[in-house]
Amino acid sequence: MGQYSVENREYAPINFFAGDFPTMTDTGEAAGEIKERMPVILDASGKIAPVTEATVQQLTGIAAMNAAEGEPCVFYQTGEFFANALVLPSEVTVDAIKEILRSKSIFLR
């Protein structure tokens, strides 16, 4: 008879939704690796790509899921979210994207 052991796991929930503002999503194809809660753009080929310092003016939304290159990627086009829950590239700050997202009905708290 084999040995049994108890597997230990930890779960740390992330509070992402900040209010009752309606969310609307859309789906596109990922141009590269996308992380859930990452601000995204539509690149020149119409694919979903992570925002960079050079592309903040092209913000389209916030990724609702992880996606690898070529996979479908759902992203939020509207909603109210906690800024500290975003997954930001190192060169992009909340201050750099907050007003741009607001103009698209995405509000950061």
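Start with the charged pairs: this structure holds five salt bridges, a salt bridge being a side-chain nitrogen of Lys or Arg within 4 Å of a carboxyl oxygen of Asp or Glu. Before you click, note that this is a predicted model, where local features need pLDDT of at least 70, side-chain atom pairs count only at pLDDT 80 or more, and totals for chains, interfaces and linings use all residues. Residues are numbered from 1 along each chain as its sequence is written, and side-chain values use heavy atoms, with hydrogens and water left out.

**Stop one: the charged pairs**

Select E7 and R9. Their salt bridge has its closest N and O atoms 2.8 Å apart. Both R9 and E7 are exposed (over 50% relative accessible area; buried is under 20%, partly exposed is in between, with a 1.4 Å probe and protein chains only).

Now pick E80 and R109, whose side chains form a salt bridge at 2.7 Å, N to O. E80 is in strand β5 (residues 72-81) and R109 is in the segment after β6 (106-108), so this pair ties together parts 29 residues apart in sequence. Strands here are DSSP runs (E, at least two), helices are too (H or I, at least four residues), and both are numbered from the N terminus.

Move on to E99 and R102, another salt bridge, at 3.2 Å from N to O. These two sit three residues apart in helix α1 (residues 94-102), which means about one helical turn separates them. R102 is partly exposed, at 35% relative accessibility.

**Stop two: T60**

Select T60 in strand β4 (residues 59-63). Is T60 buried or exposed? It's buried, with a relative accessible area of 16%. Leaving out residues up to four places away in sequence, T60 touches V40, I41, L42, F75, Y76, Q77 and K104, where contact means heavy atoms within 4.5 Å.

**Stop three: zoom out**

The C-alpha atoms fill a box of roughly 60 × 30 × 25 Å along the principal axes. Of the 109 residues, 37% count as buried. Among contacts with a separation of 6 or more, 63% come from residues 24 or more positions apart.
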